[in-house]
Structures are given as structure tokens and as C-alpha cells.
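Subject: Structure for your review

Dear colleague,

Please find below the structure that I am handing over to you.

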Amino acid sequence: MSPEITKHNGKVQVSPLRSMPPPSSFTPVTPHLAISPTVSVVVPAMNEAENLPHVFATIPQWVDEIVLVDGNSKDDTVAVAKRLRPNVKIVTQTGKGKGDALSAGFAACTSDIIVMIDADGSTDGHEIINFVGALVTGADFVKGSRYASGGGSDDLTINRRLGNKVLTGIVNVMYNTKYTDLCYGYNAFWARHLEVLDLDCDGFEVETLMNVRAAKAGLKVHEVPSHEHNRIHGESNLHVVRDGFRVLKTILKEWRRQPSPPQPEPTATPAADRGVA
């Protein structure tokens, strides 16, 4: 932690050090690392009872809140979630689609940081610390990338890989970004930016919408490597052609939309001063 140094009328001015929060406000992550912000993990799920034991086992115990959004499952998804984590927060989805589920889950979160992962076992909860670490060290929005050094995928077909590459290139040209992976469902952000993201879509285009709106709003976006695993049980609801066109439509639609201004960092406990110890 260092004092803020600014210039006024050509003279250097040094503001006093801001006080650190008390040790009791930090959550131990490892024997050598603790964080102050609270963390919520949102898990949209529909008929994922068989996969939840694996998914929940990867979510670190230091996570403050798990919000499971149930898409009116016909199996024991809710019962399994409650058995695995008795304090899990269950949100029953009233609409349809992944975008709608995430919107409902985000609205139910009470933490400083929100992380979104999938319920099929394809995203690894052990990686959450990488997302949180990037946020507490200065990022506003952190997106997982299967193409960043150290990332990868066991599940990308040739068609999905090609479609993702083309759509990522279009976004990079239109929005002056340098994304390496557009259509991936592992992301994290400060909850104060929910208003900027303003999710208003239903389907799998939700990841693209979030990435584009974060860029348009001028948020500090950071990519971290992530490895996508195969779905453990069941079949995906993703349809490459149909959902690819929905993503493209979202990209073009957002080009005409005015961005919302990002929310400033809290003045009482700035993120830079209450992050990692």
C-alpha cells in the first residue's frame, strides 16, 4: 500500500495512507494468502443432479455464497445441491435460457465479487482463485480463456472452434478489444458493475453480451487461462449454428447501443486497499 501522489498547479501533493481493514475482515484462502472481498458463485442448472457432486467439490470452501439457479429441473438437482451445501441459496428460474438464469442468479448475490460457472462439470472451481486474484489486483471484469497460455479444452469441436474464432475476430475489430476467447461461460466481475452489464438476453449469447458491454463501458478486462473439461453426464443444450447466429446478432445489435457508465470504486474501502494480504 502506498500514498497517492498527484500534481496540483505544478506541485507534487502526497495524500495520506488509507487505513487497511482489520485482520478479522480477511478470509483465509491459503496459508499465505487472504482476501477481504466476499465472493458469490452463481451456478445455473437444469437437470444436473448427477454433475453437481463433482462441481460443488471443486468450489473452494472460502467462497462466501453459492447461488444455484434451478431451471425447473425434473430430477433431484435442488435436493442434491442442498445436501452438498446446506447453506446454498436456491433461486427458481421463472424464464428460460442461460442468460435469464444468470440474470436471476446475479440479482440474488450479496457478495462483492460474482463468479459464474457451469453445472455440467466443464468448468473447474479450483480456478476461481485465479479470477478473484485478477479482480483484487485491479481488474473490473475477468474472463476465462481456453486459448490463453495455460488454457485448453477437451470439448471444442472443429465447428465450435471455428465459429468462436470468427466471432471473436469480429468483436475485436468492431470494439477494439484483444479477446482470445469470446464464447466461454467462465467469468467473474465486481458486483458493482451489474448495472453496466445489464443482462437482457435469454440464451447462450449471454457471455458475448457481457464481454461486449464490459468493453464498451471501458471496464478493465483481464483474461486468465482456463481449461474446459468434457461434460460429465447428460447432453448439452448448445446448438452451434442456431446459437452462433444469436451471438452474431447480439454483436451487431450492441454496436448501436449506447454504453452505460461504469460504477466508480467505493471511496470508503477502495478495492486496491482491501484486496489481498
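The protein chain has 8 helices and 13 strands; helices (H or I, at least four residues) and strands (E, at least two) are DSSP runs, numbered from the N terminus. This is a predicted model, in which local features need pLDDT of at least 70 and side-chain atom pairs count only at pLDDT 80 or more, while totals for chains, interfaces and linings use all residues. Residues are numbered from 1 along each chain as its sequence is written, and side-chain values use heavy atoms, with hydrogens and water left out.

Of the 277 residues in the chain, 48% count as buried, where buried means under 20% relative accessible area, exposed over 50%, and partly exposed in between (1.4 Å probe, protein chains only). Among contacts with a separation of 6 or more, 75% are made by residues 24 or more positions apart; contact means heavy atoms within 4.5 Å.

An open sheet is formed by 7 strands in the order 7-6-5-8-11-9-12, with mixed pairing; two strands pair if DSSP finds at least two bridges between them. Strand 7 and strand 12 (221-225) are at the edges with a single partner strand each, so one side of each has no neighbour in the sheet. From one strand to the next, the twist averages 20 degrees. Axes are lines fitted to C-alpha atoms, for helices over the stretch in contact, and angles run from 0 to 180 degrees between N-to-C directions.

Within this sheet, strand 9 (residues 141-145) pairs with strand 11 (residues 187-190) in the antiparallel sense over 3 bridges. Phe141 has Phe189 of strand 11 as its bridge partner. Helix 7 (residues 206-216) packs on the sheet, where it touches strand 8 (113-116), strand 9, strand 11 and strand 12, and its direction makes about 135 degrees with that of strand 9. Helix 2 (residues 77-84) lies across strand 5 (39-45), strand 6 (65-70) and strand 7, running at about 170 degrees to strand 6.

In helix 4 (residues 128-136), the buried residues include Phe131, Val132 and Leu135. Their cover includes strand 4 (33-35), strand 5, strand 8, strand 9, strand 11 and strand 12. Gly138 follows helix 4 and has a positive phi, near 130 degrees.

Gln93

Gln93 lies in the loop between strand 7 (89-92) and helix 3 (98-108), and is buried, with a relative accessible area of 7%. A polar atom of the Gln93 side chain lies 2.9 Å from the backbone oxygen of Gly97, and the backbone oxygen of Gly95 lies 3.5 Å from a polar atom of that side chain. Neighbours within four places in sequence aside, Gln93 is in contact with Val69, Asp70, Gly71, Asn72, Asp100 and Ala101.

The second largest pocket

A pocket, on a 1 Å grid over the protein atoms alone, is an open set of points where a 1.4 Å probe fits, with protein on both sides within 12 Å along at least five of seven lines; lining residues have an atom within 4 Å of a point. The second largest pocket has a volume of about 170 Å³, the volume being the space filled by probe spheres set on the points, which are joined across faces, edges and corners. Helix 8 (240-255) and helix 7 each supply at least two lining residues, and helix 8 gives the most, with 4 residues. Glu205 is one of the lining residues. Glu205 lies in the loop between helix 6 (194-197) and helix 7 and is buried, with a relative accessible area of 5%.

Yours sincerely

Definitions and conventions: A polar contact is a pair of N or O atoms within 3.5 Å; within protein, one must be able to donate a hydrogen and the other to accept it, and residues adjacent in sequence count only if both atoms are side-chain atoms.
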